[in-house]
Amino acid sequence: MIDAMLQPLQPLLAPAFEAFGSPITWTEILAFVLAVWMVLCNMRVHVLAWPLALLSSLLYFLLFWSGKLYGEASLQLVFASLAVWGWWQWLRGKDERGQDLRVRLLSPRGRWLAVLAVLLAWPLLGLFLQRQTDSPAPYWDAFPTVASLLGQYLLGRKYQENWSVWVLVNVVSVSLFAYKGYWLTVLLYAVFIPMSVAGWRAWQRQLQPAVTA
């Protein structure tokens with residue numbers, strides 16, 4: 001059913017050129033540009049990041065679904081929804097004290113809960129993808145899917161730890177997308193690794209003294 005709904009968008013999947021024997025589509029090119037712009041805006045805590053995230057997520061959904069990376073494709077739809085939520089959070093969101101959201105840190109308990117959530121959800125999603133889909137790499141597909149959800153939540157609530165999550169997600173994603181031959185996206189996620197480190201440092205400078213949640 002989804003394939004039929006996406007049929008009118010097939011021209012966007014037409015190859016623009018080839019790299020290492022794999023086609024680079026117009027969808028991947030446009031998603032690449034929007035995603036880089038989005039991360040630059042995130043580093044500057046600029047709200048424009050969220051509409052860019054919405055658009056790039058929808059484009060990557062089209063790309064990943066066509067490549068049978070169903071976990072990553074489904075994640076993009078969740079990202080699109082979370083982009084709307086994050087947009088609202090950065091415009092109107094409040095912290096636990098009722099104040100406007102600022103860059104802050106998780107509490108030690110919050111960090112442990114975040115790690116535990118990923119370790120529990122990863123094998124469950126991997127097992128689901130293995131049994132219910134024809135994903136060629138169900139567990140490799142599942143890990144960045146689960147960890148990205150955590151990263152997106154932390155980003156939306158302006159927790160600095162989102163950047164360390166993105167470093168890990170990006171490292172794993174480079175291998176996954178290389179396996180599928182999405183070379184422009186491989187380059188994108190490779191670039192995201194130092195950008196995530198730079199994002200951590202940029203947010204470090206904005207931290208309020210001794211503010212954790």
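Which residues does Asn-162 touch, not counting residues up to four places away in sequence? In this predicted model, the partners are Gly-151, Leu-154, Leu-155 and Trp-203. Asn-162 is found in helix α7. Its relative accessible area is 0%, so Asn-162 is buried.

**Helix α4 against α6**

- Helix α4 spans residues 70-92, and helix α6 spans residues 138-156.
- Their axes lie 10 Å apart, at a packing angle of about 0°.
- Angles under 35 degrees count as roughly parallel, and α4 and α6 are therefore roughly parallel to each other.
- On the α4 side, the contact is made by Tyr-70, Gly-71, Glu-72, Leu-75, Val-78, Phe-79, Leu-82, Trp-85, Gly-86, Gln-89 and Trp-90.
- On the α6 side, the contact is made by Asp-141, Pro-144, Thr-145, Ser-148, Leu-149, Gln-152, Tyr-153, Leu-155 and Gly-156.
- By class, this contact has 11 nonpolar, seven polar and two charged residues.
- Leu-155 of α6 takes part in the contact with α4, and Leu-155 is also one of the residues touched by Asn-162.

**Helix α3 against α4**

- Helix α3 covers residues 49-66.
- Helices α3 and α4 pack at about 170°, with 8 Å between their axes.
- Angles over 145 degrees count as roughly antiparallel, so α3 and α4 are roughly antiparallel to each other.
- From α3, the residues that meet α4 are Trp-50, Pro-51, Ala-53, Leu-54, Ser-57, Leu-58, Tyr-60, Phe-61, Phe-64 and Trp-65.
- From α4, the residues that meet α3 include Tyr-70, Glu-72, Phe-79, Leu-82, Gly-86 and Trp-90.
- Those six α4 residues are also among the ones in contact with α6.
- By class, the contact of α3 with α4 has 18 nonpolar, three polar and one charged residues.

**Positive phi in loops**

- Val-45 has phi near 55°, a positive value in a residue other than glycine.
- Val-45 lies in the loop between α2 (26-43) and α3.
- Buried means under 20% relative accessible area, so Val-45 counts as buried at 19%.
- Lys-158 has phi near 60°, again a positive value in a residue other than glycine.
- Lys-158 lies in the loop between α6 and α7 (162-180).
- With a relative accessible area of 10%, Lys-158 is buried.

Technical notes: Residues are numbered from 1 along each chain as its sequence is written. This is a predicted model: local features need pLDDT of at least 70, side-chain atom pairs count only at pLDDT 80 or more; totals for chains, interfaces and linings use all residues. Side-chain values use heavy atoms; hydrogens and water are left out. Axes are lines fitted to C-alpha atoms, for helices over the stretch in contact, and angles run from 0 to 180 degrees between N-to-C directions. Helices (H or I, at least four residues) and strands (E, at least two) are DSSP runs, numbered from the N terminus. Angles under 35 degrees count as roughly parallel, over 145 as roughly antiparallel, 65 to 115 as roughly perpendicular and the rest as oblique. Contact means heavy atoms within 4.5 Å. Ala, Val, Leu, Ile, Met, Phe, Trp, Tyr, Cys and Pro count as nonpolar, Asp, Glu, Lys and Arg as charged, and the others, Gly among them, as polar. Buried means under 20% relative accessible area, exposed over 50%, partly exposed in between (1.4 Å probe, protein chains only).
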